[in-house]
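Biologist: I am new to this structure and would like to learn how to read it. Could we start with pockets?

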Amino acid sequence: MSAATRRRRALATVALAVLIVAVPLGIYAWGRTSDTFRVRHIVLHGARPAHARALRLALKHSLLGVNLFRVSTARVRAALAGFPYVAELTVDRDFPDTLRVRMTEYVPAALVLSHGRWYVVASEGRVLAATAQTGETGMGATASPGADASPGIDASPTGAASPSSGTTPAAAGSPAPGASGSPAAGSGGSAAASTSLTSTDLPRPPADVKLPHGTRALPVIVTAVPLSVGATIVDTRVRAALSVLAALPGALRRDALGARATATSIRVLVTGGPTIEFGDTSRLAAKVLALKAVLGRYRRHHVACTFVDVSVPDRPLGAPLLPALAVQAASSAGGSGGGSTGASTGGAANAGTGGTGKTSPSPAASGAP
């Protein structure tokens, strides 16, 4: 092959490579300026009905008419920055003129009271919305486009709490009234009762406070740490309480009235059910299994359980003591090998110390199945 032929072939190869690169770049450059690819339709998937209209309006306001080549996930997320409940989203550019946005939302998990203001919080610790501060003139704070169309909700990312002049109920780190370590704990009455939360220990939102639809029945947590809508809670005690609430079995999670956390203990109060002592968040799956086993045994014996301690999941405690005949029957059947299925009152009292000075329960006080 002659040198001239080799040069011609090399030039042809270079020209073909330039063409292969230049044509798509030319089409892309033309597309970025062509009216053909402007966004004319926006399709939203995954939004809850209560939020879908406001989300679509925000997307249309920011992106309708924008060239589809210029729309990115970051640009869509920026358009929805005022909506704290948006968790994840993906963007699909359906040429020539349709933008498809798929999203998931944070699910409200608890109501957190901080400095006289109620916050709707997801189990991940994301603050989704807030009411007007207690004591302000009227309860009708202006809702941002990200709010749930309910008056009294300030869901703007700048909705930080400020201290209230009123008295705030005990914070997450404070002992519950009547809990172990408080004066009421040694003032008489049953030991189980002294370690239990009651509905009066946990505040509830006043009727005139407007909350997003379906959130008034959420469990309550109290904290002394200021919160801000759109931010993630930094209070480790509240985060621990949220983790425990999220781990509860479905029925107990729906009936949970609230949780109280200290440095060493997390207690959950269930409507019409027991106070549950979890200790810390270690071995949470094992603690939930132990809780199911203890409550199942009480149901089989038709005894209302008022207190369960699963802080040591291998040896859970329950109160009141199950009937002796039922204990003997369970023992003879080899159900537990420990000789008992229900905690004595004394055992429950030891369980209620939140881990401080707690003694290991004897087999006779164990609620292990």
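Modeller: On a 1 Å grid over the protein atoms alone, a pocket is an open set of points where a 1.4 Å probe fits, with protein on both sides within 12 Å along at least five of seven lines; a lining residue has an atom within 4 Å of a point. Grid points are joined across faces, edges and corners, and the volume is the space filled by probe spheres set on the points. Before we go on, this is a predicted model, where local features need pLDDT of at least 70, side-chain atom pairs count only at pLDDT 80 or more, and totals for chains, interfaces and linings use all residues. Residues are numbered from 1 along each chain as its sequence is written, and side-chain values use heavy atoms, with hydrogens and water left out.

Biologist: How much space lies in the largest pocket, and which residues are the closest to its centre?

Modeller: The largest pocket holds about 340 Å³ of space. It is lined by 20 residues, and L252, G273, P274, L295 and R299 are the closest to its centre.

Biologist: Which elements give two or more residues to that lining?

Modeller: Helices here are DSSP runs of H or I with at least four residues, strands are runs of E with at least two, and both are numbered from the N terminus. The elements giving two or more residues are α6 (250-255) and α7. Of these, α7 gives the most, with 4 residues.

Biologist: And what is the make-up of the lining by class?

Modeller: Ala, Val, Leu, Ile, Met, Phe, Trp, Tyr, Cys and Pro count as nonpolar, Asp, Glu, Lys and Arg as charged, and the others, Gly among them, as polar. For the largest pocket, that makes 11 nonpolar, 6 polar and 3 charged residues.

Biologist: Let's turn to salt bridges. How many does a search of the whole structure find?

Modeller: Side chains of opposite charge can pair when their charged atoms come close. The cut-off is a side-chain nitrogen of Lys or Arg within 4 Å of a carboxyl oxygen of Asp or Glu. The search finds 6 salt bridges. One of them joins E105 and R48, at 2.9 Å from N to O. This pair links distant parts of the chain, 57 residues apart: E105 is in strand β3 (residues 98-105) and R48 in the loop between β1 and α2 (49-63).

Biologist: Is E105 buried or exposed?

Modeller: Buried means under 20% relative accessible area, exposed over 50%, and partly exposed in between, with a 1.4 Å probe and protein chains only. E105 counts as buried because its relative accessibility is 13%, while R48, at 32%, is partly exposed.

Biologist: What about the salt bridge of R283?

Modeller: R283 meets D314 at 3.1 Å, N to O. R283 lies in the loop between β10 (275-279) and α7 (284-300), and D314 in the loop between β11 (307-309) and β12 (317-319), so the pair ties together parts 31 residues apart in sequence. At 52% relative accessibility, D314 is exposed, whereas R283, at 46%, is partly exposed.
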